[in-house]
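This report goes through one protein chain, from single residues to the whole. Keep the sequence and the model in view while reading.

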Amino acid sequence: MNRLSKAIVIVLLCTLVTGCWDRREINDIAFVVGTALDKEEDKYRVTLQITIPGMLAGSNGGSGGGGGNKNPWFLKSNVSETVRGVILKEQTSTSRKLYFSHRRSLLFGEGLAREGIAEALDSIGRLPENRLSALPVVTEGNAYEVLNGEPTIEQYPGEVVRELVFSYLSKPWTLKTVVNLMLEDGIDPIMPLVETVNSVPEKIDKPHKNIGIGGVAVFHDDKLTGIIKKQDTHGILVAMDQARTLELPITVPRGEGKVFFLIRANHTKIKPIVNGEDIHFHIYTGGRMSMTTNESNYDTNNEGNIMELERKMNKLMKEKISHDLKLLQNYKSDVLGLGRIIRTEKPQVWSKIRDRWYEIYPNITFDVEADYRLENNGAATSPFAVKKEDIER
């Protein structure tokens with residue numbers, strides 16, 4: 001091989017060992033793991049939760065860049081006419097480059113959500129490093145108050161929010177999902193509602209400001225139209241196939257006390273029945289459930305008694321779904337995508353009612369069919385600590 005050939009080979013080999021031209025050293029990055037967006041008059045307040053790497057490696061009392069801060073994170077907050085304007089302002093007072101690719105959750109304050117989130121989402125979604133896999137939630141009150149919660153298990157509140165959402169929903173809505181729902185005909189966005197709660201009563205100990213799921217926030221287009229508390233969301237989540245773990249008590253048909261059932265798997269089908277502009281939906285939901293607690297004197301080893309409990313559970317689910325869907329109609333929020341179902345299955349009907357859908361939606365009717373079966377009543381066959389003669393058979 002002549003010298004020229006060798007030189008060409010060496011030059012080509014050098015292209016395989018080049019470094020990353022756009023690399024970012026970890027010591028030059030400030031990782032933003034949570035963002036809270038609020039509205040203050042005509043300005044946006046953006047609060048960033050930034051990790052302190054030296055303290056994340058150890059316990060809360062570890063040393064590192066945090067100085068006297070006991071938390072492995074700190075907050076930076078400011079206001080501006082635009083969301084992007086706040087970020088640029090915060091960057092001028094941050095020694096490292098703000099980096100958003102590891103953001104776990106995005107919190108919208110209730111006030112901002114009621115005015116509309118489309119403008120804020122544009123600022124967030126336009127930059128590639130703002131990954132759309134972050135989980136959006138709505139907070140009751142100001143979002144920055146939730147982001148300043150006191151986590152006891154997770155290392156920072158942004159991660160607490162993410163884990164809570166995954167435990168509450170079977171298929172959590174990401175930022176990308178919410179944006180797609182805003183752009184699609186016949187369906188509206190929905191987000192989990194988070195709030196702060198005291199960990200224990202003050203008479204027991206100094207309470208921590210914990211973060212918890214408070215229900216769901218329902219939208220019409222990009223505006224929040226209603227907040228539905230957790231006790232009224234069971235039917236909505238079941239109808240959406242989003243109930244991850246749902247445990248409900250049933251008052252026993254005879255005797256005293258309650259039996260608790262855990263729905264382990266459910267499946268829902270929604271079918272439209274259209275007669276002109278008279279629109280009706282048949283909703284079927286069914287699945288498997290297991291008994292978690294028997295706080296009664298009711299014999300759950302008797303096949304006839306089990307069938308009675310199943311009937312009571314199915315009646316309860318029908319009532320919950322009917323009640324909860326009525327709340328959605330009152331808020332004019334079609335989070336189940338009933339309009340989308342009509343658009344898909346009956347496109348000719350949809351073309352006629354599309355512009356008037358939200359006038360028709362509050363008046364549509366439902367009939368609900370529930371079919372849940374008990375597959376496991378636990379290791380015990382009789383109620384605990386109940387004498388044999390007191391068991392209601």
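In which strand is Gln49 found? Gln49 belongs to strand β2 (residues 43-51), where strands (E, at least two residues) and helices (H or I, at least four) are DSSP runs numbered from the N terminus.

## Basis of the report

This is a predicted model, in which local features need pLDDT of at least 70 and side-chain atom pairs count only at pLDDT 80 or more, while totals for chains, interfaces and linings use all residues. Residues are numbered from 1 along each chain as its sequence is written, and side-chain values use heavy atoms, with hydrogens and water left out.

## Gln49

Gln49 has a relative accessible area of 0% and therefore counts as buried. Buried means under 20% relative accessible area, exposed means over 50%, and partly exposed lies in between (1.4 Å probe, protein chains only).

The side chain of Gln49 reaches the backbone oxygen of Leu147 at 2.9 Å. This is a polar contact: a pair of N or O atoms within 3.5 Å, where within protein one must be able to donate a hydrogen and the other to accept it, and residues adjacent in sequence count only if both atoms are side-chain atoms. With neighbours within four places in sequence left aside, the residues in contact with Gln49 (heavy atoms within 4.5 Å) include Phe31, Trp73, Leu147 and Tyr156.

## Thr268

Is Thr268 buried or exposed? Thr268 is buried, because its relative accessible area is 10%. The residue sits in strand β11 (residues 257-275).

Two side-chain links can be listed for Thr268. One goes to the backbone oxygen of Val238 at 2.8 Å, and the other is a polar contact with the side chain of Thr285 at 3.3 Å. Tyr284 is 16 residues from Thr268 in sequence, and their C-alpha atoms are 5.5 Å apart. Residues up to four places away not counted, Thr268 touches Val238, Ala239, Asp241, Ile283, Tyr284 and Thr285.

Most residues other than glycine have a negative phi. Asp241, one of the residues touched by Thr268, has a positive phi near 60°. Asp241 lies in the loop between α9 (234-239) and β10 (246-251) and is partly exposed, at 21% relative accessible area.

Asp221 also has a positive phi, near 60°. Its place is the loop between β8 (209-220) and β9 (223-229). At 42% relative accessibility, Asp221 is partly exposed.

## The nonpolar core

In soluble globular proteins, nonpolar side chains tend to be buried together. Here the largest nonpolar core has 91 residues, and those with the most contacts inside it include Phe261, Leu336 and Trp357. Such a core is a set of buried Ala, Val, Leu, Ile, Met, Phe, Trp, Tyr and Cys residues joined through side-chain atoms within 4.5 Å. Helix α10 (residues 303-330) gives the largest share of this core, 7 residues.

Leaving aside neighbours within four places in sequence, Leu336 is in contact with Ile236, Ala239, Met240, Ile270, Leu325 and Leu328.

## The whole chain

The chain has 13 helices and 13 strands. Of its 393 residues, 44% count as buried. Among contacts between residues at least 6 apart in sequence, 71% join residues at least 24 apart.
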